[in-house]
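Subject: A structure for you to look at

Hi there,

Here is the structure I promised to pass on to you. Please open it and keep it in view while you read the rest of this email.

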Amino acid sequence: FSGCTSLTEVSIGNSIISIGYKAFSGCTHLTSMTIKNNLTSIGESAFYNCSNLTSITIPDSVVDIGDYAFSSCGDKLTIEYSGSKEDWKNIYTRNAFEHTYFTVNCTDGKIVKKKR
């Protein structure tokens with residue numbers, strides 16, 4: 001789906017365990033993404049430059065988020081995460097969210113990355 005500018009919403013079903021390299025990269029009109037429970041990894045640059053992405057649901061089954069996976073996704077991203085803040089810290093990498101600012105709603109509170 002890389003570069004598909006008409007794509008606005010996506011729901012990844014339970015049978016998918018991985019989102020691959022640049023799978024949705026450059027989908028500039030993509031605004032929301034829901035990922036079901038069996039996903040374990042989000043590949044490098046999977047959502048790179050999805051500049052209108054404002055909402056994504058990530059299950060706690062995800063154990064790996066690749067470099068630049070959500071890079072350049074703007075400053076209005078809200079992530080619904082089904083794990084704890086500690087779980088999020090275990091999968092979060094700075095490179096994965098380069099030039100992206102977000103709020104993560106975890107089961108035990110929020111984590112916010114703001115512009116400096």
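Below are my notes on a few residues. Please keep in mind that this is a predicted model.

Let's start with Asn-105, which sits in strand β8, covering residues 100-106. Is Asn-105 buried or exposed? Its relative accessibility is 18%, and buried means under 20%, so Asn-105 counts as buried. The side chain of Asn-105 also makes a polar contact with the side chain of Glu-80, at 2.8 Å. If we set aside residues up to four places away in sequence, Asn-105 touches Thr-78, Ile-79, Glu-80, Tyr-81 and Lys-110. Glu-80 therefore turns up both in the polar contact and in the list of residues that Asn-105 touches, under the contact cut-off of 4.5 Å.

Next, have a look at Ser-41 in strand β4, which spans residues 41-42. Ser-41 is buried, with a relative accessible area of 18%. Which residues does Ser-41 contact, leaving aside its neighbours within four places in sequence? They are Ile-17, Ser-18, Ile-19 and Asp-64.

Finally, a word on charges. Side chains of opposite charge can pair when their charged atoms come close. How many salt bridges does the structure hold? The count is 1. Asp-75 forms a salt bridge with Lys-76, and their closest N and O atoms are 4.0 Å apart. Asp-75 is partly exposed, at 39% relative accessibility, while Lys-76 is exposed, at 61%.

Happy exploring, and write back with any questions!

Best wishes

Notes. Residues are numbered from 1 along each chain as its sequence is written. This is a predicted model: local features need pLDDT of at least 70, side-chain atom pairs count only at pLDDT 80 or more; totals for chains, interfaces and linings use all residues. Side-chain values use heavy atoms; hydrogens and water are left out. Helices (H or I, at least four residues) and strands (E, at least two) are DSSP runs, numbered from the N terminus. Buried means under 20% relative accessible area, exposed over 50%, partly exposed in between (1.4 Å probe, protein chains only). A polar contact is a pair of N or O atoms within 3.5 Å; within protein, one must be able to donate a hydrogen and the other to accept it, and residues adjacent in sequence count only if both atoms are side-chain atoms. A salt bridge is a side-chain nitrogen of Lys or Arg within 4 Å of a carboxyl oxygen of Asp or Glu.
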